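Visitor: I have not looked at this structure before. Could you take me through a few of its parts, one question at a time?

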Amino acid sequence: MQSVLACGGVGRRPDGSGVRLLSEKGCEAVFEEQSDGVDRYLRFGMGYGLVSDQVPLSPNPRTCFWGGWGGSIVVIDLDARMTVSYVMNQMLDPGTLGDDRGLGIVMAAYGGLAG
């Protein structure tokens with residue numbers, strides 16, 4: 001489902017043909033800011049965090065993300081038409097933020113796009 005969002009609402013069948021599952025307007029709704037409060041770092045859209053100067057996961061403004069305990073992460077970039085996700089099968093550190101393997105994979109994906 002995350003890649004459908006990254007591709008503007010179009011999913012791919014096994015034969016490569018596309019099928020529209022979300023409208024483009026529905027995809028853009030993710031970026032409608034839902035909070036404007038005391039949090040100094042995170043901006044929240046519809047179901048996702050939004051990139052900002054404080055959370056520079058992507059060079060593209062139409063990028064959203066979410067993460068989980070231990071370091072799992074998903075980043076959906078509509079401008080690059082890319083989704084990167086990471087879920088570990090074993091947590092290395094039981095701390096609140098966990099390890100940074102997922103973030104490393106996201107940065108490597110953007111490095112690959114840059115050439």
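Visitor: Is Arg101 buried, exposed or partly exposed, and which is it by its relative accessible area?
Guide: This is a predicted model, and every value here is computed from it. Arg101 has a relative accessible area of 30%. Buried needs under 20% and exposed needs over 50%. Arg101 is therefore partly exposed.

Visitor: Where does Arg101 sit, and which residues does Arg101 touch?
Guide: The residue belongs to helix α3. Leaving out residues up to four places away in sequence, Arg101 touches Tyr86, Met88, Gln90, Met91 and Leu92.

Visitor: How far apart are the end C-alpha atoms of helix α3?
Guide: The helix has 14 residues, 101-114. At 1.5 Å a residue, α3 should span 20 Å. The model agrees with that, because the end C-alpha atoms are apart by 20 Å.

Visitor: Within what arc do the buried residues of α3 fall?
Guide: The buried residues in α3 are Gly102, Val106 and Tyr110. Seen down the helix axis, they line one face, so the arc that holds them is 75°.

Visitor: Which residues are exposed on the other side of α3, and which strands do its buried residues pack against?
Guide: On the other side, the exposed residues are Ala108, Gly112 and Ala114. The buried residues of α3 pack against the strands β5 (63-67), β6 (73-77) and β7 (82-86).

Visitor: What residue follows α3, and near what value is its phi?
Guide: The residue after α3 is Gly115. Its phi is positive, near 105°.

Visitor: What is the phi of Arg81, and where is Arg81 placed?
Guide: Most residues other than glycine have a negative phi. Arg81 is a residue other than glycine with a positive value. The residue lies in the loop between β6 and β7 and is partly exposed, with a relative accessible area of 48%.

Visitor: Which residues is Val51 in contact with, leaving aside neighbours within four places in sequence?
Guide: Val51 is a member of the largest nonpolar core. Its contacts, with those neighbours set aside, are Arg43, Leu57, Ser58, Asn60, Pro61, Thr63 and Phe65.

Visitor: How many residues are in the second, separate core?
Guide: This core includes Leu5, Ala6, Cys27 and Val74. Its number of residues is eleven.

Visitor: How many disulfides does the structure hold?
Guide: A disulfide is a covalent bond between the sulfur atoms of two cysteines. The sulfur of Cys27 has its closest cysteine sulfur in Cys7, 9.3 Å away, which is too far for a bond. Cys64 is in no disulfide either, as the nearest cysteine sulfur, that of Cys27, is 9.5 Å away. The number of disulfides is zero.

Visitor: Are Cys27 and Cys64 buried or exposed?
Guide: Cys27 has a relative accessible area of 1%. For Cys64 the relative accessibility is 0%. Cys27 is buried, and Cys64 is also buried.

Visitor: What kind of aromatic pair do Phe44 and Trp66 form?
Guide: The structure holds one aromatic pair. The ring centres of Phe44 and Trp66 are 6.0 Å apart, and their planes are at 55°, so the pair is tilted.

Visitor: How many residues apart in sequence are the parts that this pair ties together?
Guide: Phe44 lies in strand β3 (residues 43-44), whereas Trp66 lies in strand β5. The pair therefore ties together parts whose separation in sequence is 22 residues.

Visitor: Where is Ser72, and is Ser72 buried or exposed?
Guide: Ser72 is placed in the loop between β5 and β6. Its contacts beyond four places in sequence include Trp66 and Tyr86. At 17% relative accessibility, Ser72 counts as buried.

Note on methods:
Residues numbered from 1 in each chain as written. Predicted model: local features only at pLDDT ≥ 70, side-chain atom pairs only at ≥ 80, totals over all residues. Heavy atoms only, no water. Helix = DSSP H or I, 4+ residues; strand = E, 2+ residues; numbered from the N terminus. Expected span 1.5 Å × (residues − 1). Buried < 20%, exposed > 50% of the residue type's maximum accessible area, 1.4 Å probe, protein only. Arc of directions from axis to C-beta. Contact = heavy atoms within 4.5 Å. Phe/Tyr/Trp six-rings, centres within 6.5 Å; stacked < 30°, edge-to-face > 60°. Disulfide = S-S within 2.5 Å. Core = buried A, V, L, I, M, F, W, Y, C linked by side-chain atoms within 4.5 Å.
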